[in-house]
Amino acid sequence: MAGGKGSRLGMGEKPMVRLYGKTLIDYVVSAVRPSVERIIVATTRVTPETRRWSLEMGLEVVDTSGSGYIPDMVEAVERVGISGPVMVIMADLPLITEEIVREVIDAYKSRPEPALSVHTLLSLHRSLGRRPDVIFNYMGELIVPAGVNILTGSRISDEQEDFHLIMNRIELAININTPDDLRICERIIKRRMESQGDMD
């Protein structure tokens, strides 16, 4: 999902914001690509550069109406005609990894529910000094949606029973909404690159 305005960040099209020379959406695509058959980028009229980048990268693109996250998600899945499981992921999760994506898919395959939603604990966000926009009380735990879901495509317009997968991983706790979020990600990615010997 790559059609939001990114108004709180104030840096133009959010998926195209760069971290160490790489766009936010590129981080997500790199993490997802090894585990899925198709990558379809849902864009809107306010993300033309994201649309152009996606096409240049050889990705499928579907233009949605920009009515909101859920209506655009439903529109995108219906327009491309996916009937089986579809992973829906936000383009502003630059810390997500191949390992996490595989773990989510494996968890979905092991469950009988038609859908799965990924969450982190509110306590993790508080430890990072973040105030999430959405919080749920789930079995006595305060949890925050991570922006990663798997749903059944043929039932995308219906409410689907979902398994709540709680993964208390910092990589899922930080989606880029504000300049502070971006700074936190910069520090984490810098440490990751240094540990891998990718920086001088």
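How exposed is Tyr-20, in terms of relative accessibility? In this predicted model, Tyr-20 has a relative accessibility of 39% and therefore counts as partly exposed.

## Two residues with positive phi

Tyr-20 sits in the loop that links strand S1 (18-19) to strand S2 (22-23), and its phi is positive, at about 50°, although Tyr-20 is not a glycine. As background, most residues other than glycine have a negative phi.

Met-139 is another such case, with a positive phi of about 55° although it is not a glycine. Met-139 belongs to the loop between strand S7 (136-138) and S8, and, because its relative accessibility is 72%, Met-139 counts as exposed.

## Strand S5 and its partner S8

Strand S5 (85-89) is mostly covered, with 4 of its 5 residues buried. S5 runs antiparallel to S8, and 5 bridges join the two strands; within this pairing, Met-87 has Ile-150 in S8 as its bridge partner.

Ile-89 is also part of strand S5, and it counts as buried because its relative accessibility is 12%, which falls under the 20% cut-off for that class. The C-alpha atom of Ile-89 is separated by 9.2 Å from that of Val-32, a residue 57 positions away along the chain.

## The second largest pocket

The second largest pocket has a volume of about 810 Å³ and is lined by 31 residues, of which Val-36, Arg-38, Pro-85, Val-86 and Met-87 lie nearest its centre. The elements that give two or more residues to this lining are helix H1 (24-32), strand S3 (40-43), helix H3 (69-80), strand S5 (85-89) and helix H4 (98-109), and S5 gives the most, with 5 residues. Sorted by class, the lining of the second largest pocket has 27 nonpolar, 1 polar and 3 charged residues.

Pro-85, one of the residues nearest the pocket centre, also has a C-alpha atom 8.5 Å from that of Ser-154, although Pro-85 and Ser-154 are 69 residues apart along the chain. Ser-154 lies in the loop between S8 and S9 and is exposed, because its relative accessible area is 53%, a value over the 50% cut-off for that class.

## The largest nonpolar core

The largest nonpolar core contains 30 residues, of which Ile-96, Val-104, Leu-116, Val-118, Val-148, Leu-165 and Leu-172 touch the most other members. At least two residues of this core come from each of H1, S5, H4, S6, strand S8 (141-152) and S9, and the largest share, 6 residues, comes from H4. In soluble globular proteins, nonpolar side chains tend to be buried together.

Cys-185 is found in helix H7 (residues 179-195) and is buried, because its relative accessible area is 0%. Cys-185 and Asn-175 are 10 residues apart in sequence, and their C-alpha atoms are 8.8 Å apart in space.

Conventions: Residues numbered from 1 in each chain as written. Predicted model: local features only at pLDDT ≥ 70, side-chain atom pairs only at ≥ 80, totals over all residues. Heavy atoms only, no water. 1 Å grid on protein atoms, 1.4 Å probe; cavity = no way out; pocket = protein on both sides within 12 Å on 5 of 7 lines; lining within 4 Å. Points joined across faces, edges and corners; volume = space filled by probe spheres on them. Nonpolar A, V, L, I, M, F, W, Y, C, P; charged D, E, K, R; others polar. Core = buried A, V, L, I, M, F, W, Y, C linked by side-chain atoms within 4.5 Å. Buried < 20%, exposed > 50% of the residue type's maximum accessible area, 1.4 Å probe, protein only. Pairing = 2+ DSSP bridges.
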